[in-house]
Every structure is written in structure tokens, then in C-alpha cells.
Amino acid sequence: MTTVRTTCPYCGVGCGLLATPEGTIKGDPDHPANAGRLCSKGAALAETIDLEGRLLSPRIKGRPAGWDTALDLVAARFAAAIHTHGPDSVAFYVSGQLLSEDYYVANKLMKGFIGSANIDTNSRLCMASSVAGHKRAFGADTVPGTYTDLDQAELIVLTGSNLAWCHPVLFQRILAARAARPALKIITIDPRRTATSAASDLHLAIRPNGDTTLFGSLLSEIVRRGAVDRDYVAAHVSGFEQTVDAARAMNPDDTGLPADDIRRFHDMWIGAEKVVTVFSQGVNQSLGGTDKVNAILNCHLATGRIGRPGMGPFSVTGQPNAMGGREVGGLANTLACHLEIENPTHRKAVQQAWRSPTICTKPGLKAVDLFRACESGRIKALWIMGTNPAVSLPDADSVSRAIARVDFTVVSEVVNRTDTSILTDVQLPATAWGEKTGTVTNSERRISLQRAFLPAPGETRPDWQIICEVARRMGWGDAFAFDSPAAIFREHAALSGRAAALGRDFDISGLADISDAEYAALAPVQWPVTSRAAGTERFFAQGGFFHADGKARMVPVSAMPVPADTAQTLCLNTGRIRDQWHTMTRSGKSARLNQNQAEPFAEIHPKDARFLGVADAELLKIESARGQAVVRAKITDGIGPGALFVPMHWSNTHAPTGRINACIPAVTDPVSGQPASKAVQVRACRFTPHWYGFAASARAMSPGLAYSAVARTATGWRCELAGNAAPDNWEDQARRILNLDTGGVSVMRDPARGTVRIAIHQGAVLKGVFFASPRPIRVARELAISRINRDVSALVALAGLPMSDQPDPGPIVCACFNVGAHAIHDAIRHGATSVEAVGKCTAAGTNCGSCKPDLQALIDARPTRSAAEQEEIRCHVQPM
Ligand SMILES: Nc1nc2c(c(=O)[nH]1)N[C@H]1C(S)=C(S)[C@@H](COP(=O)(O)OP(=O)(O)OC[C@H]3O[C@@H](n4cnc5c(=O)[nH]c(N)nc54)[C@H](O)[C@@H]3O)O[C@H]1N2
Ligand SMILES: Nc1nc2c(c(=O)[nH]1)N[C@H]1C(S)=C(S)[C@@H](COP(=O)(O)OP(=O)(O)OC[C@H]3O[C@@H](n4cnc5c(=O)[nH]c(N)nc54)[C@H](O)[C@@H]3O)O[C@H]1N2
Ligand code: SF4
Ligand SMILES: [Mo]
């Protein structure tokens, strides 16, 4: 078997993998990002690479078409729009999941040849505030530190980051460092309890948007306690006095934190010279996201704690190539290689290097504005690549309408059908992860190669080739005559040398002459790479900032208004869960990854639930002026009163009412243009269906009811359901839902309780089970699922309960060993009070370790819920 070294296509940790064409995928022990570790998503990659659901040939208006026809059409329609309405009448919306080579040519085509900057990326929803904050402070979008800083720190502050779920291998690395060196402390700042906070030494359950004030209070305290690094500030920093004045004007009470907690935070932060402040979407995705970023950077600059081992601000990137996208200039307001559109010298350098007929002279439309321009008819041709904006952009219903309204739309996709692709005129099949080769840059500026280890299926082509083919057809063949990703990489690397000569930070010119063979063998390398030797590991220990005067700027920021507490509204927070990736087009294919959370939900505080009359496992309707969603209520005191948390993952494909972005208005940070998706005022009420249901089938289901959420299982599909009216005939209804029109039916009804249970057999083999009840369904779901496609009697199937030989595992917590919550609770009840002890009893957490923080949370959560609340919840969820 040939083993190929490659890189994980999910998060910005950028783990190295060893993959074989036979489909074994393991962590690469030699990759510096993960040293062999993988999280649950990385470990389940093999389950996502089959061809089911793939887009395998070009399509025009839903019909298969040849490549030439499709590419000619795209080129002709873009050229026609540009000819008639000018370059700014067309747009690309691209993605931090493209490889740098794909990204580079897309940007080159739009900015240098079409001559518009209307190319923006989903990184606008993700990293834009960090980019803007870095630029304001450092004069360039530079991430100063490295992962080794986390190993060496005395204190790690995680703010607006659920690292345990979103960068699990990095979090495991931090926990390992703490286990080896207990002096290392972890503080998590997050309005809600998370798996990350559960494993931290201190959790500051801050009011949404309180971060600017908290870090402002820290800066005031740094000054008051004489902890300023006077020499560093004098030599390398400007704006100190004004920034401190602005910080002093803030009132720490606005953070909603007890004074004792704030003092402890100040003590720990100021007391530890080696402090790393890690931040992510709880910081970036807010109305004052850029200010939050600068509030953090200000504290590191004032203390000179930057660029030295074990310390510094650390914006962790989300997507595998969020960083690479910034390098190639994928944002509408930057040029390639961290050069600036507004700077004529920079523009000239890029245009000369590209020998391009033109170059954009002003920033293009940022994501939200770009889709508004689609809605208003200003954009005549739109090409979306590697992103699913109909789900992931705020005000998602309007975005869907906007896409449908554009005269001509194209999507480059790997899957057959997404919420976005069904709205477009042309679908172009891209080769997927595992089938294509190119570079990505991770959170610590490390460039790694993703290498193909599978053949390109059907007619799929790599994204860079598709873009170059369109460029050629638009008349720019010479500038896009790349025959390999290596050729594109060399051009990009050479351009970075020109950028460095103009004083920019991004420099990989040492790789500009790399041969095809050297590229194919490229070992993970951190930029800058100014010669064949690797570059400096960290930035800014001795100043050297990228503003004209070489100094950093401390930026005076003011407190963000905290969301108003009103009796009518709740503050909606959104984010991620451990085992799904964004809109689930790939992670949703893995049965294992669907076990932990199989439907959209809202975390809601017991008080609010009581006020709304919603019991655990009932449904909650969430509404704003923009739209609505219906999700499962998950009552927990891990979230504060007055707040909701809903994951962003569900789409029309999996749960049509679960698209939470339908409720989120498109409000953006004024500096970065990044949407604020973490604190939105919404109304919520109990959603009262006529009946609740659960179904497991050997066939794919898409029931189209008042509420439905489908998910892949090891035996087929599962579905959570609710209906607004009783069907005339339950048997027909069950057949329709289960997608089984043949087979023998067994029905069990309990008129007193109003419940219906139906099983469908093909011969002796169970093909589907369906349960309906006026109350939330209480059946042993994992067990019901495991019985599909097996010889199981109707009696057993319809009981829906564990038999003596088949205990019910409960919802799966450990995806590697299929260990469920029931088994873990049992272990905890029998005295396993540490993660290790639970591991010994059940094997949970002993492979990839992603669930360790969840095990800790289960251990911690047990005593916190009062017996009365436990009882209350149990009473609401009646047995059928
Ligand atoms: N499992 C999984 N991992 C992923 C992804 C995925 O889809 N699934 N996506 C990747 C991508 S692209 C990204 S960008 C990253 C995102 O990684 P994270 O930013 O860690 O993830 P989120 O869940 O979006 O948000 C983090 C936390 O911010 C908190 N928060 C909300 N408002 C505030 C606030 O005002 N202040 C503070 N301090 N905290 C707040 C939320 O409660 C949430 O727990 O994850 C990456 N990794
Ligand atoms: N409410 C709320 N909304 C959010 C967020 C949030 O926290 N809350 N987070 C935001 C953030 S940080 C992000 S990064 C975005 C992510 O949002 P999206 O980028 O929209 O999410 P994905 O599901 O990753 O979409 C990637 C698409 O590209 C396709 N694809 C995969 N590989 C390839 C490839 O090689 N080539 C091509 N052409 N296509 C490919 C996939 O099938 C999928 O349809 O969501 C944002 N939206
Ligand atoms: S932490 Fe998980 S998702 Fe992120 S790169 Fe590593 S294996 Fe992939
Ligand atoms: Mo992201």
C-alpha cells in the first residue's frame, strides 16, 4: 500500500495525515501541528470520501453538460456582463477551503484581468475582524506566534473560543502541556459553559460583547500596577496614552462578571509573564469585533509580551486555508501577498508581476454587501466556489433570494446538491480533498501540502484548472497557462519576494525556484521563508512592525454596548458542535459523526424555559424580523438566563427549519465588515406540534414536515420529526417518511396515550421503524437504529426499549468506540470521577481524545443540576 502524507481538510490546526488509497487515514506522527494526534472529525475522514452524493459532471440548468460547453458558457456570460455593465458588475465569492493555488488564480483573474476587486470570501464571516485588528496594530495581517508558545506558556487565556470542540488537537496539546507542567493555567472567557471552560482553571461567563471592557480593565490595571514594559513601549509602540485613557473610561461592571473574578483574571494575567491570549469567533463575529481584537493586542503590546517564546496574542484560524486565503489576497480589500489595493506602488508591483492589462484600484464589495448587490441587480454574473452562502451568511433567506435573482450564477462544488447549488445556473464539479494537490497555511503560518491519494472521479477537475480554463476562454490564456499547482505556487512565491522588498511581512520567496519534485516533497514549513532555510519563528520581539515608522499602534477602543435585557427577547448566540463541519456537506456523511448530536437544538436556561413553558426535548420556535427556525430545546444552566445558543450547521438538506441564519440580521462590524452572528435579539416560544416522531430507516428520508432532521446512521438514516396534524392514515404516513413502499407492516397503537409504533419488514429483516406520540419521543434511539437491516421481530422492534441482551448506550459521546452517555453516567455513578477513570471503565476518550472535555463536562455537570430540576425534566419527558 502506498501511504501519502497529506493535511486534514477541516480546521485551521492543520494536522498532518497519513492516507492510503484503500481509505485508511491516520495522524502523521512527524507533522509539527499534531504529532500524530487527530480529533473525531479527522479520524472519521475515511467515512466521507466515497462518491455518494458527489457532483461528477458539469451541469447547466440541471442537465449534464460537457466541460467545453459549460466553460464556454461561463466565460461568455462573464465577458458579456463586463462588456455591457463594466467589471464591477461581476463577482466571485470564494472560500478558506480552497487551496492557496486555487485561491491565487481566482484572485489574479478578478483583480488583475477582469479589473474589479469584487472577490470576497467566507473568511469575511470568520477572520476579517482579526485581519483588520492586526493591520491596525501591526501594519500588516501578521500572526506573531506559534503553537510551541502554547507548550511554553504559564497562562493561556481562551476568549471567544471553544477550542476543545473547534481546534481539538490544539486543545489536547494544551491539556497535555498542563498535565506535564501543572503550573500552566487555563482561563476561558465565554458567556456559556463549554467543553473548553469545563477543562479550564477559571471560567469567566462574561456578558456577550463584554470582552472589550474586560481587556480595557486589564490594560488600566497593567498601568496601575506598573506592569507596563516601558522600554518596549518607548521603542516600538505608539498610541499608548490615548489608549490607556480610553480604557480607563470603561466600567468593568459592564462585563457582568463578579469583581472577584475580574481581580483573579487581572492577577493571573499580569502575574504570568508568559501569557498567550487565544481568540476566535466570540471575538471576531461581533459588531465591535475589530475593537475586541485591538483591546487584546493593546494588553500584549503594553507589556511587550509578544513574539517571545510562550507569549503573545493568538488569533486561531477556522478553516484549513483561512490563513492562505489572506496571503493570496482573497479578501475584497487586499491584494496578493499582503499588499494593499489603496497603495499605488503596491498595485503597480502586482500589475507588473502579472503583466496584466489592468488592476483594481479600489476595494470591492465585502460579502454582505456583495449579496445585497446581487439582490439589487447590480451584480449580473456571480461565481461561488467552495462555500455554501445560502446557509452560512446571515439573513440567509434574503441571500437565497439574492442568488436566485442574479442573471447568471455558477457554483464550483464537490457535492451534488447544496442549499446554494440548487439556486445556480451552472454547477462545475471540483475534485475534492484526497483527489487534489496544493498548499494550505494553518494558524501558525505553517504551509503544508495536501496531496492527492485518490484518482479524480468522473469528470471532476481541480478548482485551479477550472478557473484557468475560464480565464483562457476570456482571452488571457498566457497569464493562466499553469500546468500544475507547483507552477502557480512558484509565481505566488516570487511575487511575495517583491512584496517583501516593499516592506511586507509575507515572504516565501525562498521557495520561488522550487522544482516540481521539491514541491511534491514539500515538508511543512512556516513562513517567512526568505531563503532555502526556514525564516524567523516569531514576529515582533524586537519591534519591526509594518507601519511606516516601524512601530505598533495601540488603538483606543471604547466599550461595546451590551445587549439589552428585555422581557420579550433573548440574546441568540451561535457556533459549532464537536462533530460537524459547517453546513455538513461532508461531515454529515459520517454515521459516527452524526451520533453525538443528530438534530438542531437551542441551549436555553431553565428559568427561560419555565417562562416560555417549554420542557426539555420539546421544540422551540425562534423568530426575528428576518426569519424563523424551529429547533429542539436543550435545557441547561450552562447558558445564562436571557440567552440562547444554536449551532450553525443545519441546512435545508438536513433540517429545513434548523437554518438558524434565517433569523440573523446582516449587521456587520464597521471596520472589518464581518457579520455579528453571536449576539442577536430574537423572540422565542414553545412550538407545539400535534405529534412528535422518530424514524429509522434503511433508506434515505426527506419527510418535509413541520419539523424534521435527518442524519446518516451506520444502518441507513434516522429522522427526528414533528407534524402539525394527525395524518389520515398512520401506515401511509410511516411508509412515506421511511421511504419504504413495500414490505410487511406491523402497527401497535395505544389510544389512551395517543402513541403509534410501526415497523416495516422485508421478510424477517427490519427495514424501518416509526414512532409517533403527542409528547417528545422517548425510545432508545441508538438501539432502534442498530436493529435496522437485522432479523428482529416486530415485537422487539416496536418495544423501542433495551432488551436484557442489548443495553441502550444512550447518545454517543465517544465517537471512536461508540460509548454512549448512559454507559458514562453508569461509570460516574460507580465512582469514576476523572476522565482517566471513565476511560478505564468504558474506553471512552482513549483513542482520539476529542471527547475528553465532554467526559469532564459530564463528570462536572452531575452535581450542578439540582435534584428538583432533574426530576422536573424527567417528568416532562414522558415515556410513550
Ligand atoms: N467541530 C468543528 N470545528 C470547527 C469548525 C466546525 O464547523 N466544526 N469550523 C472551523 C471554523 S471555520 C472556525 S471559524 C472555528 C471557530 O471556532 P470557535 O470560535 O471556537 O467556535 P464558535 O463555536 O463559533 O464560537 C466560540 C465561542 O464564542 C462564544 N462567544 C459568543 N459570544 C461571545 C462573546 O461576546 N465573548 C466571548 N468571549 N465569547 C463569546 C460562544 O459561546 C462559543 O462558545 O472552528 C473551526 N473548527
Ligand atoms: N450563525 C453563524 N453563521 C456562521 C458562523 C457562525 O459561527 N454562526 N460562522 C461563519 C464562519 S467562521 C464560516 S468559516 C462560514 C463557513 O460556511 P461555508 O463556507 O458556507 O460552509 P461549508 O459547509 O464549509 O461550505 C463549503 C462548501 O464547499 C464545498 N467544498 C468542499 N471542498 C471543496 C473543494 O475542494 N472545491 C470546491 N469547489 N468546493 C468544495 C462543500 O461541499 C461545501 O458546500 O460560516 C459562517 N457562518
Ligand atoms: S484538529 Fe481535527 S479537524 Fe482540525 S485539523 Fe486536526 S484532525 Fe483536522
Ligand atoms: Mo470560520
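Let us start with a pair of helices: the axes of helix H3 (residues 100-114) and helix H20 (residues 463-476) come within 8 Å of each other and cross at roughly 20°. That makes H3 roughly parallel to H20, since angles under 35 degrees count as roughly parallel, over 145 as roughly antiparallel, 65 to 115 as roughly perpendicular and the rest as oblique. The axes here are lines fitted to C-alpha atoms, for helices over the stretch in contact, with angles running from 0 to 180 degrees between N-to-C directions. H3 passes H20 in a left-handed crossing, meaning that the near helix is turned anticlockwise from the far one by less than a right angle (clockwise would be right-handed). Helices (H or I, at least four residues) and strands (E, at least two) are DSSP runs numbered from the N terminus.

Before going on, please keep in mind that this is a predicted model, in which local features need pLDDT of at least 70 and side-chain atom pairs count only at pLDDT 80 or more, while totals for chains, interfaces and linings use all residues. Residues are numbered from 1 along each chain as its sequence is written, chains are lettered from A and ligands numbered from 1 in the order in which they are written, and side-chain values use heavy atoms, with hydrogens and water left out.

Helix H9 (residues 211-224) and helix H14 (residues 289-302) have axes that come within 8 Å and cross at roughly 20°. H9 and H14 are therefore roughly parallel to each other, and H9 passes H14 in a left-handed crossing.

Now to the ligands. Around ligand 1 there are 34 residues (each with a heavy atom within 4 Å of it), of which Asp 190, Asp 211, Ser 280, Arg 576 and Gln 580 come nearest. By class, this shell has 9 nonpolar, 17 polar and 8 charged residues; Ala, Val, Leu, Ile, Met, Phe, Trp, Tyr, Cys and Pro count as nonpolar, Asp, Glu, Lys and Arg as charged, and the others, Gly among them, as polar. Helix H6 (163-166), helix H13 (281-284) and strand S21 (570-575) each supply at least two residues of the shell around ligand 1. Backbone atoms take part too: a nitrogen atom of ligand 1 lies 2.7 Å from a polar backbone atom of Cys 166, and an oxygen atom of ligand 1 is 3.0 Å from a polar backbone atom of His 582. The protein covers 99% of the 910 Å² of accessible area that ligand 1 has on its own (Shrake-Rupley method, 1.4 Å probe).

Ligand 2 has 31 residues around it, with Asn 122, Ser 392, Glu 413, Thr 583 and Asn 661 nearest. Its shell holds 7 nonpolar, 18 polar and 6 charged residues. A nitrogen atom of ligand 2 is 2.9 Å from an N or O atom in the side chain of Thr 574. Taken alone, ligand 2 exposes 920 Å², and the protein buries 98% of that.

Ligand 3 is surrounded by residues including Cys 8, Cys 11, Cys 15 and Cys 39. Helix H1 (40-43) and helix H7 (168-180) are the elements that give two or more residues to this shell, which has 9 nonpolar, 2 polar and 1 charged residues.

Two backbone details remain. The peptide bond from Trp 527 to Pro 528 is cis, with omega near 5°, and Pro 528 sits in the loop between strand S19 (525-526) and strand S20 (552-553). His 338 has a positive phi of about 60° although it is not a glycine; His 338 is found in the loop between helix H15 (322-328) and helix H16 (344-354).

Definitions and conventions
Polar contact = N/O pair within 3.5 Å; in protein donor to acceptor, adjacent residues only side chain to side chain.
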